[in-house]
Amino acid sequence: KNSIHKGAVKMAYVAKLAKEHKGIPVPRAPLRAFRYTTAGGGAAELDRDGWPRSPILKVGFDPADMNPYSSKVVIMDECHNL
């Protein structure tokens, strides 16, 4: 909690992870699992300030693009159920 601010991972958090887990690489981006209903619904919506409602989707978000999934790796499972 409080490790991401305005779409950027705080360096203090990265340093804390590196110190606690010596020798293990720090992830370069957050990982989040969404249900299909959430991913296509509330999480993808833009708030009044023009940023995604989901803190995870704010990471790397480009307000000029307005697509919260741009520059993200999306892995889908159970697509045959759509």
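Reply: Start with the burial cut-off: a residue counts as buried under 20% relative accessible area, as exposed over 50%, and as partly exposed in between. Keep in mind that this model is predicted.

Me: Why is Phe 61 called buried?

Reply: Its relative accessibility is 8%. The limit for buried is under 20%. Phe 61 is below that limit, so it counts as buried.

Me: And what makes Trp 51 partly exposed?

Reply: Trp 51 has 24% relative accessibility. That value falls between 20% and 50%, so partly exposed is the label.

Me: How do you know that Trp 51 and Phe 61 form an aromatic pair?

Reply: Their ring centres are 5.2 Å apart. Pairing requires centres within 6.5 Å. The distance meets the cut-off, so the rings pair. The structure holds one aromatic pair, and Trp 51 with Phe 61 is that pair.

Me: Why is the pair called tilted?

Reply: The ring planes stand at 55°. Stacked needs under 30 degrees, and edge-to-face needs over 60.

Me: Which parts of the chain does the pair tie together?

Reply: Trp 51 lies in the loop between helix H2 (36-39) and helix H3 (55-58). Phe 61 lies in the segment after H3. The pair therefore ties together parts that are ten residues apart in sequence.

Me: What makes Glu 45 and Arg 53 a salt bridge?

Reply: Their closest N and O atoms are 3.0 Å apart. The cut-off is 4 Å, between a side-chain nitrogen of Lys or Arg and a carboxyl oxygen of Asp or Glu. The pair passes, so it counts as a salt bridge. Side chains of opposite charge can pair when their charged atoms come close. A search of the whole structure finds one salt bridge.

Me: Why is Ser 54 called buried, and where is it found?

Reply: Ser 54 is found in the loop between H2 and H3. Its relative accessibility is 8%, under the 20% limit, so it counts as buried.

Me: Which residues is Ser 54 in contact with, leaving aside neighbours within four places in sequence?

Reply: Phe 34 and Ala 43. Contact here means heavy atoms within 4.5 Å.

Me: How far from Ser 54 are Gly 42 and Arg 28, C-alpha to C-alpha?

Reply: Gly 42 is twelve residues from Ser 54 along the chain, and their C-alpha atoms are separated by 7.9 Å. Arg 28 is 26 residues from Ser 54 in sequence and 18 Å away in space.

Me: What labels do Gly 42 and Arg 28 get for accessibility?

Reply: Gly 42 sits in the loop between H2 and H3. Its 34% lies between the limits, so it is partly exposed. Arg 28 is in the loop between helix H1 (11-20) and H2. Its 85% is over 50%, so Arg 28 is exposed.

Me: What makes the phi of Met 66 worth a mention?

Reply: It is positive, about 65°, although Met 66 is not a glycine. Ser 71 also has a positive phi of about 65° and is not a glycine.

Me: Why are Met 66 and Ser 71 called exposed?

Reply: Met 66 has 54% relative accessibility, and Ser 71 has 75%. Both are over 50%, so both count as exposed.

Me: How far apart are the mean positions of the positive and negative charges?

Reply: They are 11 Å apart, for 13 positive and 8 negative charges.

Notes. Residues are numbered from 1 along each chain as its sequence is written. This is a predicted model: local features need pLDDT of at least 70, side-chain atom pairs count only at pLDDT 80 or more; totals for chains, interfaces and linings use all residues. Side-chain values use heavy atoms; hydrogens and water are left out. Lys and Arg count as positive and Asp and Glu as negative; His and the chain ends are not counted. The place of a charge is taken as NZ of Lys, CZ of Arg, CG of Asp or CD of Glu. Rings of Phe, Tyr and Trp (its six-membered ring) pair if their centres lie within 6.5 Å; planes under 30 degrees apart count as stacked, over 60 as edge-to-face and the rest as tilted. Helices (H or I, at least four residues) and strands (E, at least two) are DSSP runs, numbered from the N terminus. Buried means under 20% relative accessible area, exposed over 50%, partly exposed in between (1.4 Å probe, protein chains only).
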